[in-house]
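Here is a short briefing on a structure. Please read it with the model open beside you.

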Amino acid sequence: MKLKVGVFKFTSCSGCQVELIRMNEQLPELLNLVEFKYWAMASSKLEDGPYDLALVEGAISTPECIEEVKAIREKSRVLVALGDCAVTGGVPSIRNWMSQREAETIVYPKPGYIRSTRVYGIDEYVKVDYYLKGCPPRLENILQVFKAVILGVKPRLRQHSVCVECKLYENECLLTTYKQPCMGPVTAAGCGAICPNVGRVCEGCYGPMSDPNVASMVERLREIGLSDDEIVRKFRKYAGMSKPYREVAKL
Amino acid sequence: MKTVKIGYLTRVEGKAELDLTIDGEEVKDLKLKIYEEPRFFEALLIGRSFEEVVELTSRICGICYVTHQLSSVRAVEKVLGVEVNDRIRLLRRLIAIGGIISSHCLHLYLLALPDVLGLPDVFTADPKLLVKALRLKAVGDKLVELIGGRGVHPVTIVVGGFTYTPPKDKLMELAQSLKEAKKTAVESVPLFSADKFPRFEVDCERVALSNPEEYAINEGRVKSNKGLDISEDEFRAFIEETQVPHSTAKHSKVKGRGSYMVGPLSRVNLNFSQLSDDAREAAEASGFKFPSSNPFAANMARLLEVISLIDEALELIDAYREGPVRAPFQVKGGSAGAITEAPRGMNYHWYSIGDDGLIKAADISPPTCQNARRVEDDLREYVPTIAHLSEKEIASRCAMLIRAYDPCISCAVHSIEVKVKKL
Ligand code: SF4
Ligand code: SF4
Ligand code: SF4
């Protein structure tokens, strides 16, 4: 029996789904093992559940999203939050730190037509089985989840920080050596230290690692000369609504 | 009165639905409702540093992140007065080409081809064809990754250039796959040729960047078939946006005129002579004549661009030399806009930056917003020609026409539901 999979989208840029499509030539192979029952971006065949695996992309930001995500949960055996938006609210959650009406008025001349709520990850409303962090999560990690669910085991998603991966590449540390504001020490691994590998600081796009030392990160950023405003902006980017970051994001 | 409800208009990026009421041949009501949850990018950029704009605007769209990065980086650089060197320009063009190849192939093979084959998706299509097509798409992805550090939401593009110099030998390796991929693209011409699509001609304003030096992507003047010829800085003086109650995407029009089309068909129509020889030959073989006034020709225009841009990528890789790719600058305030050609058409970004380097205001007009009104106008002309068909058939034809625009709805604002009502 093929694994019955549904891919769903809420408030997002679809980048996570596009990352999934980036399996490219591997797609026909995956199709031997799974059947996409619902994937509106890729197929006109939309079948109702139950699903063995639901990949949910995007944040929850309207009353309708809340109802839909609950309905998906009821039909799904394993539910995965695909990407930062679904994990913590992601980049769209930046606006939670301004007044709702303010955001609407800046963008729309007649905000009365617009219906939106504060932006949250999906586990604010439903139980999530696995979290695929990243904006977007790396394809290998997404496929890891497929494999695990097919085999009926828990996926091995990394718990350590980006620094560990960065060290494996023997990069010179941007934070300690060059005094650049690298978020690697508190950020979840999984990307393979993409940014330090190509000469830029980690911006934290995988959100917090499992047990980050946020207080010491803040101190470190202050030491290299960042203002509180700058520090707050760093924490309010990909995961401002996550538990470890919420406090600092308020500063 | 008959009401037919057809499921989601799928195989597009983002959420939308079409409401259509027809009485005989007359369209009584037609609304393309884009109900993607709004994400307020223009608001959440405020108070952020100029350095974060590229990173954040990338998240407007998971398909055309490259163009959002390139429009925003150039707008910010204009404010700061940054001059970039030829190597940076070359790499920006090459990564833009990678982005367009990847996005066009995603659209052509995964989203549009099922219409031609009469299948719900490509999963059930000939696996040989699928593998070839995805290999073609993969070279676009790889090009973006080699230069940008990551495929989706690249990380190396920064104000002033790039954070690193991609190694030439890696690009040379890719050149081999690009040549293979081009064969697939040329072989695909019959799949998207004129006999596969409805014959429907519509007169409208088609707007794109144009540049005497090169097939315009990252820089050019805004031109149209109706005489528009302005610089990117004049965009807002000539193009206005209005909000409509039924959509979270705003509507654009050329002031004093009306809706307009941006995208591959506009580009190919305007700049046909700058396509590569093989692309122009493919156009000949396709049965469409360019300039074409058939909106369905957009698919062929995409394929022609893929062929031509592969030819160009090969030349650029050949000309590329490793070396410094970062220009120095000083922070200062001001405001400026820039336009690049997204796979789906012109993508306008404008920022006002304070002397402290923080964003004070932003104005972003992605292509789907610009096309939204045009899609409705096209449908208004198209529906009477197919009004005799069944509701189901009307809905699927309308969906196909909307899809020809390759709307990338989260950028404006995934699934389009088509509801047809016959009175
Ligand atoms: S997590 Fe990032 S890539 Fe994924 S949908 Fe959200 S913004 Fe896009
Ligand atoms: S460069 Fe950043 S990710 Fe790498 S070790 Fe240093 S702090 Fe960690
Ligand atoms: S290094 Fe940091 S910002 Fe870069 S991809 Fe990895 S987690 Fe994201």
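**Briefing: ligand shell, sheet and helix packing**

Helix α7 (residues 162–168) of chain A gives the largest share of the shell around ligand 2, with 4 residues. Helices (H or I, at least four residues) and strands (E, at least two) are DSSP runs, numbered from the N terminus. This is a predicted model: local features need pLDDT of at least 70, side-chain atom pairs count only at pLDDT 80 or more, and totals for chains, interfaces and linings use all residues. Residues are numbered from 1 along each chain as its sequence is written, chains are lettered from A and ligands numbered from 1 in the order in which they are written, and side-chain values use heavy atoms, with hydrogens and water left out.

**Ligand 2**

- The residues around ligand 2 include A:Cys163, A:Cys166, A:Cys173 and A:Cys182 (near: a heavy atom within 4 Å).
- Also among them are A:Lys167 and A:Gly184.
- By class, this shell around ligand 2 holds 9 nonpolar, 1 polar and 1 charged residues. Ala, Val, Leu, Ile, Met, Phe, Trp, Tyr, Cys and Pro count as nonpolar, Asp, Glu, Lys and Arg as charged, and the others, Gly among them, as polar.

**Sheet in chain A**

- Five strands form an open sheet with parallel pairing, in the order β2-β1-β3-β4-β5 (chain A). Two strands pair if DSSP finds at least two bridges between them.
- β2 (34–39) and β5 (130–132) of chain A are the edge strands, each pairing on one side only.
- Neighbouring strands of this sheet are turned by 25 degrees against each other on average, direction ignored. Axes are lines fitted to C-alpha atoms, for helices over the stretch in contact, and angles run from 0 to 180 degrees between N-to-C directions.
- Strand β1 (residues 3–9) of chain A pairs with β2(A) in the parallel sense over 5 bridges.
- A:Val5 has A:Phe36 in β2(A) as its bridge partner.
- Helix α6 (residues 139–151) of chain A lies across β1, β2, β3, β4 and β5 of chain A (contact: heavy atoms within 4.5 Å). It runs at about 160 degrees to β3(A).

**Helix pairs**

- In chain A, helix α9 (residues 214–223) and helix α10 (residues 228–235) pack at about 135 degrees, with axes 10 Å apart.
- The contact of α9(A) with α10(A) involves residues including A:Met217 and A:Leu221 of α9(A) and A:Ile231 and A:Phe235 of α10(A).
- In chain B, helix α11 (residues 367–386) and helix α12 (residues 391–404) pack at about 145 degrees, with axes 10 Å apart.
- The contact of α11(B) with α12(B) has 9 nonpolar, no polar and 2 charged residues.
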